[in-house]
Amino acid sequence: KGVGIGGDGWTFTFSLLGIAPLAERLGFVTEELAEYTNQTLGGLLNASFGNLTEVIVSMFALKNNMFRVVKLSLLGSILSNCLLVLGCAFFCGGVEYKE
């Protein structure tokens, strides 16, 4: 149970509202930096700073001994990235090569 008025639902909602602009700004800055570099360095910057929000959340979770949260966050990130890439590949393949 959450402490205070409202509990865990409100804590989650306000945490989400607080971290969403950070993720958006990081993505924007990374894209802007990538425009001034070559394609390889731009991709490396995007891959490095694209997950910075998750790293920050994981650092706070580790500091508070929430090891399960960190493990499941990493698992969710890996699965969502794999499923997103696989789904996009299937979709593009289906659009390009119709039976």
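## Aromatic pair

The chain has one aromatic pair, where rings of Phe, Tyr and Trp (its six-membered ring) pair if their centres lie within 6.5 Å, and planes under 30 degrees apart count as stacked, over 60 as edge-to-face and the rest as tilted. The pair is formed by Trp 10 and Phe 14 and is stacked, with 5.8 Å from centre to centre and 25° between the planes. The model is predicted: local features need pLDDT of at least 70, side-chain atom pairs count only at pLDDT 80 or more, and totals for chains, interfaces and linings use all residues. Residues are numbered from 1 along each chain as its sequence is written, and side-chain values use heavy atoms, with hydrogens and water left out.

Trp 10 and Phe 14 are four residues apart in helix α1 (residues 8–35), so about one helical turn separates them. Helices (H or I, at least four residues) and strands (E, at least two) are DSSP runs, numbered from the N terminus. Trp 10 is exposed at 51% relative accessibility, and Phe 14 is exposed at 53%. For these classes, buried means under 20% relative accessible area, exposed over 50% and partly exposed in between (1.4 Å probe, protein chains only).

## Other residues of helix α1

Thr 30 lies in helix α1 and counts as buried, because its relative accessibility is 4%. Which residues does Thr 30 contact, leaving aside its neighbours within four places in sequence? They are Leu 45, Asn 46 and Phe 49, with contact meaning heavy atoms within 4.5 Å.

Helix α1 also holds Gly 27, Phe 28 and Glu 32. Gly 27 is partly exposed at 28% relative accessibility. Phe 28 is partly exposed as well, with a relative accessible area of 36%, and for Glu 32 the value is 30%, again partly exposed.

Gln 39 is in helix α2 (residues 39–49). With a relative accessible area of 76%, Gln 39 is exposed.

Asn 65 sits in the loop between α3 (52–63) and α4 (67–96). Its phi is near 60°, a positive value in a residue other than glycine. Asn 65 is exposed, with a relative accessible area of 57%.

## Separations in sequence and space

| Pair | Apart in sequence | C-alpha to C-alpha |
|---|---|---|
| Gln 39 and Asn 51 | 12 residues | 19 Å |
| Glu 32 and Ser 48 | 16 residues | 14 Å |
| Phe 28 and Ser 73 | 45 residues | 23 Å |
| Gly 27 and Gly 93 | 66 residues | 27 Å |

## The whole chain

How many helices and strands does the chain have? There are four helices and zero strands, and from the N terminus the elements run α-α-α-α. The chain is more spread out than a compact globule, because its radius of gyration is 18 Å, well over the 13 Å that the globule rule gives for 99 residues. That radius is taken over C-alpha atoms, and the globule rule is 2.2 Å times the number of residues to the power 0.38. Along its principal axes the C-alpha trace spans about 55 × 40 × 25 Å.

Of the 99 residues in the chain, 10% are buried. Thr 30, at 4% relative accessibility, is one of the buried residues. The accessible surface of the chain is about 8,400 Å², and carbon and sulfur atoms account for 70% of this surface. Accessible areas come from the Shrake-Rupley method with a 1.4 Å probe; for residues, only the protein chains shown count as cover.

The chain carries 6 positive and 8 negative side chains, and the centres of the two sets lie 17 Å apart. Lys and Arg count as positive and Asp and Glu as negative, while His and the chain ends are not counted. The place of a charge is taken as NZ of Lys, CZ of Arg, CG of Asp or CD of Glu.
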